[in-house]
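Biologist: Before we begin, could you take me through the terms slowly, setting each value against its rule?

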Number of protein chains: 2
Amino acid sequence: MDTLPQVTLPQDGAPQSSLSGGFALAIDAMGGDHAPESILDGIEIAAERHPKARLLLVGDEVRLGALLSRRSRAARICAIRHAPDAIPGDMKPTAALRVRHSSMRVAIDAVAAGEAAGVVSAGNTGALLALGKVVLKTLPEIDRPALAALGPSARGDVVLLDLGANVACDARNLVEFAIMGDSFARAVLGLTDPSIGLLNVGSEELKGDDRVRQAAEMLRESVLGANFRGFVEGHDITAGTVDIIVTDGFTGNVALKTGEGAFKLFGSLLKQVFTSSLTAKLGYLLARPALERLREFMDPRRYNGAVLVGLNGVVVKSHGGTDAQGFAHAVDTAMDMVTHRFNERIRESAATLPPRGRVAAAEPGVNAR
Amino acid sequence: MDTLPQVTLPQDGAPQSSLSGGFALAIDAMGGDHAPESILDGIEIAAERHPKARLLLVGDEVRLGALLSRRSRAARICAIRHAPDAIPGDMKPTAALRVRHSSMRVAIDAVAAGEAAGVVSAGNTGALLALGKVVLKTLPEIDRPALAALGPSARGDVVLLDLGANVACDARNLVEFAIMGDSFARAVLGLTDPSIGLLNVGSEELKGDDRVRQAAEMLRESVLGANFRGFVEGHDITAGTVDIIVTDGFTGNVALKTGEGAFKLFGSLLKQVFTSSLTAKLGYLLARPALERLREFMDPRRYNGAVLVGLNGVVVKSHGGTDAQGFAHAVDTAMDMVTHRFNERIRESAATLPPRGRVAAAEPGVNAR
């Protein structure tokens, strides 16, 4: 089935996981604005960082074979599996579910079959969410998966979730998100005791709705209780007050995009500043090395790779328009999750939660949002 | 009752409104971190811009009289009304409601009595929201007041509401917020046809919950239909895609504070850039005039003055820690609202909405959030 490229796999290309297929990750090589070229370029970078990983490259085998023959590092760690179709960026998730032999579907199928521990795709987000949920299913004790990502703060990177996988969610969902965020922060940020905050409004009068208050209570009593710092506000995200910020998918999506928009506005204004006069341009040249470091710090590629957490398998969504560096970063994130017991930890923590039925019965109406 | 300061009111100090008391605004002179001094300094600046307005200064008459005697422009437009108490910044709204003779309460009472068209306070936000609602009551056809404010965008200032007055709200509330935002944009930004967007999540799969979808439908059919641009996302706030962004108080509060936090992080990183080396410092000096313009553009004082809209009277909340310039800006905002038919326009638009009962009956469960 899998077409190995015309290079010999090295002896040290042993799988890091104990999966039957032996692949760390399946890669949807046909998803994204510049696929498959930029995907392969990203794999070439990733291969340098993960020379012992084995990746399953899914897509048009003729194109992929040709591209791989010109990328020696990638070729050393990749096998190709043919998938005749690709899901267009504008296809509805319901339609995408019906495309049986898309590169995205075949890659996810490889995870479901236990051949690969995770999947990385830069393709259609809605399709990836839908296929991930339908094919991989949620972990035991996890009701709904969530989208998580990293963002910059004054005190290091922070984890924010849910970013839009769930518009409506209840208190118990928020607690599950906290558990998944905790595992994500440990696996990807390498934190040993990540602190957790629940996003809320700041007015003294209005400390949120029943849902967040109930979630806070459940978190305090949970296995995460010692690391739970209570409510945080919007400005705490970039302040880095806590390592993990938990919220529903509606608020999280708006917060993520509002923050991105604010950075973008500031960046474009700064650009105007430095082109406003000859002396300002000279000033830019003098401050350039430090400004370049600022640019690197804020580089969206550094934060590329939103993760669909809570499924039986690692699912990483790369930005569709990212370049090779960005895609390589998404692969890094997925590799961190695969090798650092990401899902095992979620299973362990979630198993300590009280049964869902009891909570729901005791608190009618918490499914408000 | 009102102690006029020891200066003669000029003949041109005629009220701009037809109120019985003849005051454009009542000022809570004792609210805020640096009250009453910074408040009086702010009034001194505002008096230059509004020489014909009459303001009712509420607070400790001895202290206010002394301060006013040293501020000639402010003295010309102000009368003093004594209030023995001040509401502390950390007092609970429920407790604040019981303080009968606080400067905030007496100022709001003056609006309720028709002596002043609006009130400006830099005091306790929760207390102002509670007192505003209880004493002034909502306008006819308006179910709940909302907090609105301006923010910077790539295409001019935008109006964002609700910023936290309502944690839970239904589709009809969102439509009312749009009506109030429309009037605010016309009165304060001077726009003749402000465009409106409803904040939503961006995933293709998930176009929000029933509530936002229903609100969008109602808006399309409303008197604002021609200016309604449909759903917008978090990044549209700073992109300036529309003039008015409507959302619930939970999401709005988080979006506002997330955006502020992002600007703050960027600003502090920029400061690090310009102090990182001698050449970077020199670069700063060269780019300084343009950087100062950037600083002015982003100056929070320029956006000082959140407005509690939907009440029988104009209520403007200045930031508690702002300086004289910031307070003067809050007074400007209130004056714009008083003089530009702010509440009249809301009444006119809201009167065209279908009766609330019908909508609620037809759509059970929309009060979700």
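Biologist: What makes B:Arg49 count as buried, partly exposed or exposed?

Modeller: Buried means under 20% relative accessible area, exposed means over 50%, and partly exposed lies in between, with a 1.4 Å probe and protein chains only. B:Arg49 has a relative accessible area of 40%, so B:Arg49 is partly exposed. This is a predicted model, in which local features need pLDDT of at least 70 and side-chain atom pairs count only at pLDDT 80 or more, while totals for chains, interfaces and linings use all residues. Residues are numbered from 1 along each chain as its sequence is written, chains are lettered from A and ligands numbered from 1 in the order in which they are written, and side-chain values use heavy atoms, with hydrogens and water left out.

Biologist: Why is the pair B:Asp332 and B:Arg49 called a salt bridge?

Modeller: The term asks for a side-chain nitrogen of Lys or Arg within 4 Å of a carboxyl oxygen of Asp or Glu. For the side chains of B:Asp332 and B:Arg49 the N to O distance is 2.2 Å, and the pair meets in a salt bridge. B:Asp332 lies in helix α12 (residues 324–339) of chain B and B:Arg49 in helix α1 (residues 37–49) of chain B, so the pair ties together parts that are 283 residues apart in sequence. Helices here are DSSP runs of H or I with at least four residues, strands are runs of E with at least two, and both are numbered from the N terminus. B:Asp332 has 14% relative accessibility and therefore counts as buried.

Biologist: How do you know that A:Glu292 and A:Arg295 are separated by about one helical turn?

Modeller: They are 3 residues apart in helix α11 (residues 278–298) of chain A, and that is why the separation is about one helical turn. A:Arg295, with a relative accessible area of 53%, is exposed, whereas A:Glu292, at 26%, is partly exposed.

Biologist: What makes A:Ala171 count as buried or exposed?

Modeller: Its relative accessibility is 0%, so A:Ala171 counts as buried. A:Ala171 lies in helix α7 (residues 171–188) of chain A.

Biologist: How do you know which residues belong to the contact of chain B and chain A, and how many are there?

Modeller: Contact means heavy atoms within 4.5 Å. The contact takes 59 residues from chain B and 60 residues from chain A. Buried area, the accessible area (1.4 Å probe) that two parts lose on being put together, summed over both, is about 5100 Å² here, and carbon and sulfur atoms give 75% of that area. B:Phe250, B:Leu265 and B:Phe266 supply 13% of the area that chain B buries against chain A, more than any other three residues.

Biologist: Which salt bridge joins B:Glu233 to chain A?

Modeller: The side chain of B:Glu233 meets that of A:Lys257 at 2.4 Å, N to O, and the count between chain B and chain A is 2 salt bridges.

Biologist: Why are the two copies said to be related as by a two-fold rotation axis?

Modeller: Copies are superposed by least squares on the C-alpha atoms of residues with pLDDT of at least 70 in both. Chain B can be laid on chain A with an RMSD of 0.0 Å by a turn of 180 degrees and a shift of 0.0 Å along the axis. The two copies are therefore related as by a two-fold rotation axis.
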